[in-house]
Amino acid sequence: MTTTEKTATANPAATPGYQKALAWLRSGPKRLLIGGQWVDARSGKTFEVIDPSTEQSLTSVAEADSADVDAAVLAARRAFEAPSWSGISPHARTRLLLNIAQAVEENAHELAVLETLDMGAPLAACVARVAQVAEIFRYYAGWPTKIFGTTNPMDASRFQYMLREPMGVCGLINAWNVPLVMAANKIAPALVCGNTAILKPAEQAPLTTLRLAELIEQVGLPPGVLNVVPGYGATAGAAIAAHPDIDKVAFTGSTAVGRQILQASTVNMKKVTLELGGKSPNIVFPDADIDRALAVAVDTFCRNSGQICSAGTRLFVHESLLEQATEQVLRTAATFKVGSPFDAQTKLGPLISQRQMERVLSYVDAGKSQGARLALGGSRVGGVGYFVEPTVFSPVSNAMTIAQEEIFGPVLSIIPFTDEDDAVFKGNDTQYGLAAAVWTRDASRAHRVARALKAGRVWINTYAEGDPVMSFGGYKQSGYGREGGAESIEAYTQTKSVLMRL
Ligand code: NAD
């Protein structure tokens, strides 16, 4: 069997948590969470959630539209004003978040299996994500007692201080590629800052967000503090973006939709943060640990089958290394197994949908027709499930479509550079600026290049490492504002200056 044939050895049923996940899926259609109640959509509509590995329906989910968003906003507004939420001590908020982290860990296997079924990432990756989710809740659990205001210097006749207060009702809209982590990254800071929230998971993969919301409800969050309204972007999502009684929107998704969210937000001057697309440069200098750099380069473009906003999809190598680097990348990528995400050997599960698979394959055609050399892969694997081979083009010119547009699939462009200036120029020569990496043993060059790259996150001699303390967000068209670490506390609060004449 070649590595890109789908493996048939996986036995999902034997996976820890699988039976619990199955029982949850079979426990009935999934509903909306509004005001502490699990309810059907007002329209009565539902939609099917498809397992991208099998193309079979996993379950049906209530489909929210603007009427449900209105109800959720009303519930969130009431909860925001209620003393049961606005009046509780910071210590109580800390305890709530710690309890959520514990509930996540106690249900870790089930959540990981559900995430794998829902969006197709290999189980080991989903197990790691669930651990990350618990860490995010624990990290933010430390914040409520540390959200300080200030007292400011004044003359003796006046007393002036600044309060840091919640934004109010927050609309949270997420993509499907790492749903649980994205949900945690928004829910945790929104709640510790005292806001209430309406969360819309992506229609392609809403299940783990719904299960997480059940766990959060069970730790005793007051009704209406967290509302969840799965549904489509053009209806439920657009209703959130344009709602006159939502104070802040936090969005993760494509740059095109981010632009629409920003425009819609002007209706009531919502505060907005946007986490958008990327086309991140991964730059390898000849003095780097080449073997490690290239091994990580393959890992990063294949991770989550390339469906990662910060994926290193443009690998820049010094021209003297082009042949060797291409050969090494091909050799490693060719060993990466495509197949069942429940098989421990699998590196690449399916893409999220037929549409996404077709989109990725159309970029392969664009690369070929513009004269890039297809060095590996480029095809669908099997006839069921949305599996695509690791695909490498080398050499590629940075001006080509495949080097400029976000493909969101396992497609790498290898691009030669002549010197440091050329590497930085080409690295920056895109509309995006989400992430970047530089590999070198020269510390001065490492920091010089890190400073010159226009990206919200830069790695030196590594890729894709993160921590809840780190902020994340985009330069240029990759984003608007920041999430993560202390910057989320700023993003979910606003300040008030108070002056008293003595
Ligand atoms: P998308 O923009 O199509 O959808 C994202 C979310 O927005 C979904 O919930 C969708 O229903 C909703 N939506 C769609 N149209 C809407 C509208 N008109 N109004 C309001 N909401 C609407 O993106 P996607 O295909 O789900 O996700 C992939 C994209 O997300 C990629 O571009 C990727 O780079 C980006 N992403 C960015 C980050 C980051 O942190 N920067 C993280 C993950 C994904």
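Modeller: Start at N304, which is found in the loop between α11 (290–302) and β13. The model is predicted, so read each value as a property of the model. The phi of N304 is near 55 degrees, a positive value in a residue other than glycine. Most residues other than glycine have a negative phi, and most peptide bonds are trans.

Strand β13 covers residues 314–318. It belongs to an open sheet of seven strands. Read across, the order is β16-β19-β20-β13-β12-β21-β22. So β13 sits between β20 and β12 in that order, and the pairing in the sheet is mixed. Strands of a sheet pair through backbone hydrogen bonds, either parallel or antiparallel. At the edges stand β16 (374–376) and β22 (457–460), each of which pairs on one side only. From one strand to the next, the twist averages 20 degrees.

Look next at what lies across this sheet. Helix α12 spans residues 322–333. It lies across four strands: β13, β16, β19 (391–393) and β20 (411–417). Relative to β20, α12 runs at about 165 degrees. Helix α16 (residues 443–452) lies across β21 and β22. Its direction is about 165 degrees to β22.

Stay with β21 and β22 for a moment. Strand β21 takes in residues 435–439 and pairs with β22 in the parallel sense. Four bridges hold that pairing in the count.

P395 has its place in the loop between β19 and α14 (401–404). The peptide bond that leads from S394 to P395 is cis, with omega near -5 degrees.

Which residues line the second largest cavity? They are G278, K279, G306, I308, C309, A311, T313, E406, I407 and F408. By class, five are nonpolar, three polar and two charged. About 50 Å³ of space lies in this cavity. The count of cavities of 30 Å³ or more comes to two.

The largest cavity has a volume of about 60 Å³. Its lining holds 16 residues. Nearest its centre lie P281, G427, Y432, G433 and K454. Two elements give two or more residues to this lining: α15 (420–428) and β21. The lining has seven nonpolar, five polar and four charged residues.

Step back to the whole chain. How is the protein chain divided? Domain 1 covers 12–276 + 480–497, and domain 2 covers 281–467. The C-alpha centres of the two domains lie 31 Å apart. Domain 1 gives 26 residues to the contact, and domain 2 gives 23.

For contrast, visit a second sheet. It is open and has three strands, in the order β5-β6-β24, with antiparallel pairing. Both β5 and β24 stand at the edges with a single partner strand, so one side of each is left without a neighbour in the sheet. The twist here averages 25 degrees from one strand to the next.

Take its pairings in turn. Strand β5 (residues 150–152) and strand β6 (residues 158–166) run antiparallel and are joined by three bridges. The two strands form a hairpin, with five residues between them. T151 has Y161 of β6 as its bridge partner. On the other pairing, β6 meets β24 (residues 493–501), again in the antiparallel sense, over nine bridges. There, Q160 stands opposite L499 in β24. Y161 stands opposite V498 in β24. Y161 therefore links both pairings, with T151 as bridge partner on one hand and V498 opposite on the other. In a regular strand the side chains alternate between the two faces of the sheet.

Technical notes: Residues numbered from 1 in each chain as written. Predicted model: local features only at pLDDT ≥ 70, side-chain atom pairs only at ≥ 80, totals over all residues. Heavy atoms only, no water. Axes fitted to C-alpha atoms, helices over the stretch in contact; angles between N-to-C directions. Contact = heavy atoms within 4.5 Å. 1 Å grid on protein atoms, 1.4 Å probe; cavity = no way out; pocket = protein on both sides within 12 Å on 5 of 7 lines; lining within 4 Å. Points joined across faces, edges and corners; volume = space filled by probe spheres on them. Nonpolar A, V, L, I, M, F, W, Y, C, P; charged D, E, K, R; others polar. Domains from an automatic or database assignment.
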